[in-house]
Amino acid sequence: MFLELARLQLQRGSTDAAISTMKELKQEFVGERSVQERIARTLVEEDEIELAWQEYVELAKQTQNSEQKLLYQIESAELQRQLGETKKATDEFLRLLRKLRPDSWLYRNVRDRMEASILAEESLDVLVEFYVKAVQQTPDDLSMRLRLGKIQLLAGKLVESRETIEQVI
């Protein structure tokens, strides 16, 4: 009921009242992560991205479950991207990528979000530069090197792409 009231307040433009309502809800259910998750999702749905980002950052800090923490951090980085803080978002996505197994679906998901973050403001050439630096930092990461080759191919850098892919093989 509190959450629906807060949603209505947001829809009416009464952000301060909605924040107050959400604080009451959190106080009513102290330490209940599912309540805070629902608040964060509601804020995203109501396009209150800054407030939602703050909630996800707080959720990531509070949780002890490493898998859940990672999911909150991914959502937080995505919201940073939506707020126009693409450099911070890209850096966060890269930091999260280093924690993931390259063959996992979550790795691919985070990588795609990171690429979208870069491409939102830059060109394929900037993405190529990004992967060149990433490969230099982690030369043993074959998936990163292979991705560089694919991005070089998309950017029309055929010779470089071929050389990069040959190094993987």
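Residues are numbered from 1 along each chain as its sequence is written, and side-chain values use heavy atoms, with hydrogens and water left out. Because the model is predicted, local features need pLDDT of at least 70 and side-chain atom pairs count only at pLDDT 80 or more, while totals for chains, interfaces and linings use all residues.

A salt bridge is taken as a side-chain nitrogen of Lys or Arg within 4 Å of a carboxyl oxygen of Asp or Glu. By this rule the model holds 16 salt bridges. Among them is a network that links Glu4, Arg7, Glu45 and Glu46.

Helices are DSSP runs of H or I with at least four residues, and strands are runs of E with at least two; both are numbered from the N terminus. Burial is stated by relative accessible area: buried is under 20%, exposed is over 50%, and partly exposed lies in between (1.4 Å probe, protein chains only).

Helix H3 covers residues 33-45. The 13 residues of H3 should span 18 Å at 1.5 Å a residue, and the end C-alpha atoms are 18 Å apart, in agreement; the expected span is 1.5 Å times one less than the number of residues. Arginine 33 is partly exposed, at 34% relative accessibility, whereas glutamate 37 is buried, at 17%. Besides Glu37, the buried residues of H3 include Val35, Gln36, Ile39, Ala40, Thr42 and Leu43. The cover over the buried residues of H3 includes helices H1 (2-11), H2 (15-28), H4 (49-62) and H5 (66-82), with contact meaning heavy atoms within 4.5 Å. Just after H3, aspartate 47 has a positive phi of about 60 degrees.

Two further salt bridges lie in other helices. In helix H7 (residues 105-119), arginine 111 and glutamate 115 are four residues apart, so about one helical turn separates them. Their side chains form a salt bridge at 3.9 Å, N to O, and both residues are buried. In helix H10 (residues 158-168), arginine 162 and glutamate 166 are likewise four residues apart and separated by about one helical turn. The closest N and O atoms of this salt bridge are 2.9 Å apart. Arginine 162 is exposed, with a relative accessible area of 58%, and glutamate 166 is partly exposed, with 45%.
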